[in-house]
Amino acid sequence: MNTILVIEDDIGIQKQLKWSLSEFELVFAQDRASALTQLRRYEPDVITLDLGLPPDEANASEGLACLNDILSFNPDCKVIVITGNTDNNHALKAIALGAYDYYQKPIDADVLNIILNRAVKLAQLEAENRALRSSSVLAQDIIGNSDAMLKACRTVEKIAPTEITTLLLGESGTGKEVFARAIHKQSPRINKPFVAINCASIPENLLESELFGYEKGAFTGANKTTLGKIECANGGTLLLDEIGDMPLSLQAKMLRFLQERVIERVGGRQEIEVDVRVICATHRNLSDMVAQQSFREDLYYRISEITLAIPPLRDRGHDVIIIAKALLHRFNDEFKTKIQGFTDCAMQAMLQHSWPGNIRELQNKLKSAVILADSKQITADDLGLSVQSSKTITLRMVREQAETQAIRHAYSLANGNLSKTADHLGITRPTLYALIDKYKLLDLRTPEIEV
């Protein structure tokens with residue numbers, strides 16, 4: 001049931017509403033202070049507020065102040081103010097302050113039910129919309145709504161419009177190139193080339209010519225002048241993937257290019273200006289390599305003006321299930337299959353697996369599972385995974401841990417004052433004492449001086 005906070009000092013009206021609004025879970029407050037306590041305790045999406053609250057029942061000053069407090073705590077809350085039948089001015093002022101709607105006494109339960117249902121539905125739609133916005137990503141291939149991924153995506157949004165050189169750090173298979181493409185797509189260079197080169201996949205003696213190009217006759221087999229990857233990316237974005245594997249002999253030339261934005265082709269003498277945004281990526285620990293003198297310190301600081309760490313799949317919680325479902329849809333289209341989903345055992349196995357190969361490993365396992373599956377749902381065996389027995393974590397255990405941490409945090413904020421601790425937590429003092437006893441937080445039961 002949806003919780004509605006009713007802020008009303010008239011006991012008769014409270015009873016009337018409790019009887020007539022039976023489809024909602026009603027909680028009550030009689031004044032501004034108790035309203036804020038109930039607001040913290042229940043965090044309702046919809047509130048009815050009588051503007052004539054004590055100690056100023058004849059006017060609306062206390063009710064309007066309460067409205068301000070509510071919207072400061074939760075701007076998305078739908079507050080329906082209730083006024084006298086001739087109090088239009090105060091009602092309109094409340095709407096101007098941010099109230100969702102107003103209703104004039106006497107109360108008609110049928111009408112109020114309609115208003116409340118509409119407010120609840122709107123609050124739900126807005127919450128869903130906020131959730132979709134928060135889990136929306138910058139590119140089609142970036143999927144997930146874990147806190148770590150949302151933080152990474154927000155960083156991409158901030159740095160994409162700039163020209164700052166970015167270093168992407170992450171294990172192999174975490175999607176560093178996908179993030180680089182997301183930065184490119186969000187940048188003013190979106191209509192220009194995106195060129196990627198993997199510094200680890202090209203032999204050392206060929207990497208320089210691949211990057212900078214070469215003139216005709218520069219070496220045996222150079223039958224024509226050939227542009228390098230840097231020139232091909234002119235005007236757009238260049239991704240230097242696995243830059244940690246770039247040989248030391250080439251790092252000095254790369255540093256000059258990054259500083260001056262000019263290159264010389266192999267076998268050439270002419271400086272060529274290029275306009276390229278550079279993004280670097282690596283799975284290596286470059287700071288350790290700098291300490292070991294296997295990577296130039298000046299180049300490290302030049303490429304890491306902004307560093308973005310991409311979390312491994314094992315640290316992304318239920319993102320693995322979200323990604324797996326998206327990949328299943330893609331592979332169904334690719335292989336013309338009709339797999340409907342995953343068994344509970346398969347999902348549990350995916351959550352337990354450490355995914356050393358990250359998303360690339362998930363793609364490979366799921367692709368073969370889609371092809372080889374014998375039923376409409378993919379099993380753990382289809383994925384080549386097993387479900388490991390683990391200690392059961394109950395909701396009660398999670399709640400106890402969360403409540404203990406919250407109590408200690410509020411106690412610290414209140415400087416050891418239990419009354420203020422209870423206020424911070426939105427509970428009564430007896431309830432706080434009961435929780436302290438329940439979780440044996442004996443160090444919080446020391447004598448105190450209340451102020």
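Since the model is predicted, local features were kept only at pLDDT of at least 70 and side-chain atom pairs only at pLDDT 80 or more, while totals for chains, interfaces and linings use all residues. Residues are numbered from 1 along each chain as its sequence is written, and side-chain values use heavy atoms, with hydrogens and water left out.

Helices and strands here are DSSP runs numbered from the N terminus (H or I, at least four residues, for helices; E, at least two, for strands). Helix α1 spans residues 11-20, and its buried residues are Ile-13, Gln-14, Leu-17 and Ser-20; buried means under 20% relative accessible area, exposed over 50%, and partly exposed in between, with a 1.4 Å probe and protein chains only. These four sit on the same side of α1 because they cover an arc of only 145 degrees around the axis, the arc being that of the directions from the helix axis to the C-beta atoms. An α-helix has 3.6 residues a turn, so residues three or four places apart point the same way. The other side of α1 carries the exposed Lys-15, Lys-18 and Trp-19.

Next come two helix pairs. Helix α3 (residues 61-73) and helix α4 (residues 88-97) have axes that come within 10 Å and cross at roughly 15 degrees; axes are lines fitted to C-alpha atoms, for helices over the stretch in contact, and angles run from 0 to 180 degrees between N-to-C directions. That crossing angle makes α3 roughly parallel to α4, a label for angles under 35 degrees. On the α3 side the contact (heavy atoms within 4.5 Å) is made by Leu-64, Leu-67, Asn-68 and Leu-71, and on the α4 side by His-90, Lys-93, Ala-94 and Leu-97.

Helix α8 (residues 204-212) packs against helix α10 (residues 248-260) at about 15 degrees, with the axes 10 Å apart, which makes α8 roughly parallel to α10. Glu-204, Leu-207, Glu-208, Leu-211 and Phe-212 of α8 meet Ser-249, Leu-250, Lys-253, Met-254 and Phe-257 of α10. Also in α8 is Ser-209, which counts as buried at 11% relative accessibility. A polar atom of the Ser-209 side chain lies 2.9 Å from the backbone oxygen of Leu-206. Leaving out residues up to four places away in sequence, Ser-209 touches Tyr-214, Phe-219, Gly-228 and Val-266. Pro-247, in the loop between β8 (237-241) and α10, is buried too, at 13% relative accessibility.

Now for the backbone. Most residues other than glycine have a negative phi, and most peptide bonds are trans. The Pro-54 to Pro-55 bond is cis, with omega near 10 degrees, and Pro-55 lies in the loop between β3 (46-50) and α3. The Lys-105 to Pro-106 bond is cis as well, with omega near 0 degrees. Glu-43, not a glycine, has a positive phi of about 45 degrees and counts as exposed at 54% relative accessibility. Arg-261, also not a glycine, has a positive phi of about 60 degrees, but counts as buried at 19% relative accessibility.

Notes. Angles under 35 degrees count as roughly parallel, over 145 as roughly antiparallel, 65 to 115 as roughly perpendicular and the rest as oblique. A polar contact is a pair of N or O atoms within 3.5 Å; within protein, one must be able to donate a hydrogen and the other to accept it, and residues adjacent in sequence count only if both atoms are side-chain atoms.
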